[in-house]
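Please read this briefing beside the sequence and the coordinates.

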Protein chains: 2
Amino acid sequence: MATELRPRGRPAGLNGDDLLAVAREVFLQRGYRGASMDEVARRARISKASLYREHASKSALYAAVVHHWTLAGRDAMRPALERLRASGDLRRGLVDLAETMRAGILSPPVVAMRRLVTAEAREQPEVAATYLEESWNTNIGRLAEALRALADSGRLRIEDPASAAEQFTWLVIGAPLNARMLGGDGSATGVDAAVDLFLAGYRANA
Amino acid sequence: MATELRPRGRPAGLNGDDLLAVAREVFLQRGYRGASMDEVARRARISKASLYREHASKSALYAAVVHHWTLAGRDAMRPALERLRASGDLRRGLVDLAETMRAGILSPPVVAMRRLVTAEAREQPEVAATYLEESWNTNIGRLAEALRALADSGRLRIEDPASAAEQFTWLVIGAPLNARMLGGDGSATGVDAAVDLFLAGYRANA
DNA sequence: CCTACCGATCGGTAGG
DNA sequence: CCTACCGATCGGTAGG
């Protein structure tokens with residue numbers, strides 16, 4: 001039990017980022033409509049009145065959870081992209097990147113968050129748009145920058161890095177993400193076929 | 001108003017496939033939890049008791065709606081696949097197929113159904129698994145057959161038609177489907193880049 | 001086939 | 001005195 005020492009009259013309950021983390025768990029487990037403010041408050045060990053003082057409504061709490069999540073996952077691809085730029089073996093670098101992307105995007109919490117935001121896209125389109133822009137398009141843009149750098153250094157021949165980044169992404173994660181979003185275990189078939197096709201189209205030494 | 005002539009004591013309300021169509025509209029508009037059995041009964045002009053006599057529960061009605069939907073969309077790709085086999089211009093045939101796939105998979109009702117089934121995949125995994133198998137994997141399998149035929153005739157060089165079918169599919173629809181699932185308008189960038197990359201990897205005359 | 005109604009629970013807010 | 005927080009309950013609605 002997390003019975004911490006609390007100097008004065010400070011309450012035992014959670015707030016701030018810790019409260020958002022608890023709310024995220026509840027939303028991911030129950031879905032938006034299945035999640036109750038009572039459960040969030042109970043698991044955060046605060047009253048509902050306190051919860052509503054930090055977040056004016058259930059939808060505002062949900063928006064805060066998604067926004068906080070996008071900030072946390074913004075730099076997930078950076079290490080693999082830097083390894084790709086530094087790698088002497090282009091093919092190995094792309095395979096490493098592809099496996100990093102799969103491990104991140106196909107991880108259970110990331111899939112669950114995508115399912116949550118997708119399900120609520122009609123009711124709360126601005127939250128879904130924020131997620132798409134801050135999380136997805138940001139990472140695609142960084143991949144495009146890395147591909148452009150490889151093209152500038154003469155290792156790839158790419159006219160449209162943004163399009164190539166999207167193609168690489170969906171070659172790598174399309175099939176297993178689709179399977180996991182629909183509940184299947186995925187059974188990923190390896191990223192080599194994706195990298196092979198990508199290099200067949202964009203390798204410099206044609 | 002649809003006040004039809006009814007010869008005898010036949011009730012005015014809907015049943016069978018018409019009832020499923022109304023229920024599908026309600027599920028697509030409201031989501032699973034937002035859809036009420038009262039609204040389905042009201043829009044079908046039957047009592048809730050009659051609705052429950054045809055479908056024992058809300059989840060059973062949902063499962064029937066999804067299953068009926070998968071049967072309706074099973075042959076959507078067939079004409080484009082036959083045109084691909086008969087086409088003299090391989091590239092034009094693939095572009096035609098890609099545009100047909102986009103028009104179907106990105107259409108608002110198909111996206112809405114995918115969003116519904118995805119959102120409910122955790123609560124009702126068997127329904128999502130049925131959708132994945134009967135609708136998605138069936139069409140991917142038919143595309144794989146067509147690619148295998150093109151390989152057998154010497155127009156493509158493909159070792160794994162199933163893998164190539166998945167690659168083609170996600171190159172064509174990955175980015176715009178992702179955008180539409182998250183509420184964006186998509187702004188599809190054309191299928192030429194997808195076909196170009198696919199042919200770079202699988203065209204026979206290497 | 002319908003009206004009426006159930007046990008349970010929702011998001012949100014009251015007084016102290 | 002102030003703040004932060006509590007137990008209790010509001011009006012409506014869900015699936016069945």
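## Salt bridges, helix packing and the chain interface

Lys48(A) and Asp38(A) form a salt bridge whose closest N and O atoms are 3.3 Å apart, where a salt bridge is a side-chain nitrogen of Lys or Arg within 4 Å of a carboxyl oxygen of Asp or Glu. The pair links distant parts of the chain, with Lys48(A) in helix α3 (residues 48-54) of chain A and Asp38(A) in helix α2 (residues 37-44) of chain A, ten residues apart. The model is predicted, so that local features need pLDDT of at least 70 and side-chain atom pairs count only at pLDDT 80 or more, whereas totals for chains, interfaces and linings use all residues. Residues are numbered from 1 along each chain as its sequence is written, chains are lettered from A and ligands numbered from 1 in the order in which they are written, and side-chain values use heavy atoms, with hydrogens and water left out.

- Chain A holds ten helices and zero strands, where helices (H or I, at least four residues) and strands (E, at least two) are DSSP runs numbered from the N terminus.
- Along the principal axes, the C-alpha atoms of chain A fill a box of roughly 70 × 35 × 30 Å.
- Over all chains, the salt-bridge rule gives a count of 19.

**Helix packing in chain A**

- Helix α1 (residues 16-30) of chain A and helix α7 (residues 108-119) of chain A have axes that come within 9 Å and cross at roughly 75°; axes are lines fitted to C-alpha atoms, for helices over the stretch in contact, and angles run from 0 to 180 degrees between N-to-C directions.
- α1(A) and α7(A) are therefore roughly perpendicular to each other, given that angles under 35 degrees count as roughly parallel, over 145 as roughly antiparallel, 65 to 115 as roughly perpendicular and the rest as oblique.
- Arg24(A), Phe27(A) and Leu28(A) of α1(A) meet Pro109(A), Ala112(A), Met113(A) and Leu116(A) of α7(A), contact meaning heavy atoms within 4.5 Å.
- The residues of this contact divide into six nonpolar, no polar and one charged (Ala, Val, Leu, Ile, Met, Phe, Trp, Tyr, Cys and Pro count as nonpolar, Asp, Glu, Lys and Arg as charged, and the others, Gly among them, as polar).

**Helix packing in chain B**

- The axes of helix α6 (residues 90-105) of chain B and helix α10 (residues 192-202) of chain B come within 10 Å and cross at roughly 130°, which makes α6(B) oblique to α10(B).
- The contact of α6(B) with α10(B) involves residues including Leu94(B) and Ala98(B) of α6(B) and Val195(B) and Phe198(B) of α10(B), and its residues divide into seven nonpolar, no polar and three charged.
- α6(B) also packs with helix α9 (residues 161-181) of chain B at an angle of about 40°, their axes being 10 Å apart, and α6(B) and α9(B) are therefore oblique to each other.
- Among the residues that meet in this packing are Leu94(B) and Ala98(B) of α6(B) and Phe168(B) and Val172(B) of α9(B), and the contact divides into ten nonpolar, one polar and one charged.

**Interface of chain B and chain A**

- In this interface, 38 residues of chain B are in contact with 38 residues of chain A.
- The two chains bury about 3,000 Å² between them, 62% of it on carbon and sulfur atoms, buried area being the accessible area (1.4 Å probe) that two parts lose on being put together, summed over both.
- Trp170(B), Leu182(B) and Leu197(B) supply 22% of the area that chain B buries against chain A, more than any other three residues.
- Across the interface of chain B and chain A, the rule finds zero salt bridges.
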